[in-house]
Amino acid sequence: MLSALAMRAPVGQKLPEAVSRSNDIGSKIGINGFGSFELFGYRFWITSTHIALLILVIAISVLAILANRVIRKSDPYGKPGICMVIIETIVTFIDNTTMSNMGDEHGGKFRNYIGTLLLFIFISNISGVFGLRPPTADYGVTFGLAMITFVLIHYNGFKYQKIKHVTGLFDPIPLTPINIIGEISTPISMSLRLFGNVLCGTVIMGLLYNLLPQFLLILWPGAFHVYFDLFSGAIQAYVFTMLTMVFISKAYNGD
Amino acid sequence: MDGIFNKEFVQGCSALGAGIAMIAGLGPGIGQGIAAGQGAAAVGRNPGARGTVMGTMILGQAIAETTGLYSLIVAILLIFVNPWA
């Protein structure tokens with residue numbers, strides 16, 4: 001059985017006795033290892049997350065190149081084609097969301113990052129539809145994303161508020177520990193929210209496909225895919241980017 | 001003592017604990033329901049502000065969901081990555 005979190009029991013390895021006696025559903029909904037290598041005395045595993053991430057990065061790059069070709073070939077004075085309309089809708093949505101949440105002054109600087117984040121998380125979350133294990137159901141990926149936000153929050157805080165960013169922590173002196181815990185818990189709660197939602201969908205779909213007999217699984221699991229992969233994935237991608245925008249704008253506005 | 005604290009006993013208690021942990025799903029359910037009800041009331045009073053109300057409601061609901069997800073993570077840890085079993 002393979003775990004859901006960082007402790008991984010790879011495929012080839014002999015499993016602990018108590019674990020192998022329980023059901024093997026864990027290996028179907030957990031992270032699988034495909035191979036390992038030694039580096040600097042540590043053992044690194046190539047897992048299903050890495051492979052899914054590689055596939056997604058290639059897919060997003062191909063989509064971006066295709067979008068670039070469509071934009072270059074489109075006639076600015078003519079009637080836009082259907083692909084051009086879709087691209088314009090996405091870009092306008094990202095621009096409007098960023099500008100209205102981060103202000104017109106600073107919003108323009110962040111829209112590239114916010115757009116990348118939104119597209120990456122959305123495509124990661126819906127990749128369960130295509131048979132991949134969503135990379136965002138691995139805590140390493142979501143924690144990395146949340147740490148980028150954490151660094152951006154404090155970089156912008158120091159850049160725009162200077163020393164006030166530190167003294168704000170001691171604003172009411174007795175509440176200092178609570179303020180510090182609040183700052184530290186921001187990336188943890190953001191990453192756990194995204195991870196928990198996507199993992200919940202993955203676990204429920206895994207239980208559905210592995211516990212029920214095969215002849216019952218006709219058509220109606222599609223409804224579960226629509227809810228857990230498409231709807232929940234879109235909502236969580238929106239929420240993660242929205243919280244990123246709110247926290248960063250809170251940092252440079254000084255509350 | 002050896003007969004009681006064996007692995008089967010610990011695994012069974014972990015499964016019970018995972019079930020009990022998911023009682024925390026009550027809280028986010030109530031909170032999200034209240035948020036959705038207030039959102040519907042707000043849209044009813046001011047239909048023009050539908051987009052803003054919807055965004056705020058979804059953001060609040062997603063944050064209210066966090067405590068439920070913590071219990072989910074605890075339950076999954078107890079079943080799949082149990083350190084004692």
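**Exercise 1. Decide whether Lys162(A) is buried, partly exposed or exposed, and describe its backbone.**

Step 1. Count the neighbours: Lys162(A) has 10 C-beta neighbours inside 10 Å. A residue is buried if 20 or more other C-beta atoms lie within 10 Å of its own, exposed if 12 or fewer, and partly exposed in between, with C-beta atoms placed from the backbone. Lys162(A) therefore counts as exposed.

Step 2. Read the backbone angle: phi of Lys162(A) is near 55 degrees, a positive value in a residue other than glycine.

The model is predicted, so that local features need pLDDT of at least 70 and side-chain atom pairs count only at pLDDT 80 or more, while totals for chains, interfaces and linings use all residues. Residues are numbered from 1 along each chain as its sequence is written, and chains are lettered from A and ligands numbered from 1 in the order in which they are written.

**Exercise 2. Carry out the analysis of Exercise 1 for Leu219(A).**

Step 1. Leu219(A) has 6 other C-beta atoms within 10 Å, and is therefore exposed.

Step 2. Leu219(A) lies in the loop between α7 and α8 of chain A, and its phi is near 65 degrees, a positive value in a residue other than glycine.

**Exercise 3. Outline the secondary structure and burial of chain A.**

Step 1. Chain A comes to eight helices and two strands, and along the sequence these follow the pattern α-α-β-β-α-α-α-α-α-α.

Step 2. Of the 255 residues in chain A, 27% are buried.

Step 3. Two residues are in contact if their C-beta atoms, placed from the backbone, lie within 7 Å. Among contacts in chain A between residues at least 6 apart in sequence, 66% join residues at least 24 apart.

**Exercise 4. Describe how α5(A) and α7(A) pack, and classify the residues of their contact.**

Step 1. The two helices pack at an angle of about 140 degrees, with their axes 8 Å apart; axes are lines fitted to C-alpha atoms, for helices over the stretch in contact, and angles run from 0 to 180 degrees between N-to-C directions.

Step 2. α5(A) passes α7(A) in a right-handed crossing (a crossing is left-handed if the near helix is turned anticlockwise from the far one by less than a right angle, and right-handed if clockwise).

Step 3. Residues making the contact include Phe143(A) and Phe150(A) of α5(A), and Met190(A) and Phe195(A) of α7(A).

Step 4. The residues of this contact divide into ten nonpolar, four polar and no charged, where Ala, Val, Leu, Ile, Met, Phe, Trp, Tyr, Cys and Pro count as nonpolar, Asp, Glu, Lys and Arg as charged, and the others, Gly among them, as polar.

**Exercise 5. State how α8(A) is oriented towards α7(A) and towards α3(B).**

Step 1. The axes of α7(A) and α8(A) come within 10 Å and cross at roughly 175 degrees, which makes α7(A) roughly antiparallel to α8(A). Angles under 35 degrees count as roughly parallel, over 145 as roughly antiparallel, 65 to 115 as roughly perpendicular and the rest as oblique.

Step 2. The residues of the contact of α7(A) with α8(A) divide into twelve nonpolar, five polar and one charged.

Step 3. The axes of α8(A) and α3(B) come within 10 Å and cross at roughly 95 degrees, which makes α8(A) roughly perpendicular to α3(B).

Step 4. Ile235(A), Val239(A) and Met242(A) of α8(A) meet Ile58(B), Leu59(B) and Ala62(B) of α3(B), and the contact has six nonpolar, no polar and no charged residues.

Notes: Helix = DSSP H or I, 4+ residues; strand = E, 2+ residues; numbered from the N terminus.
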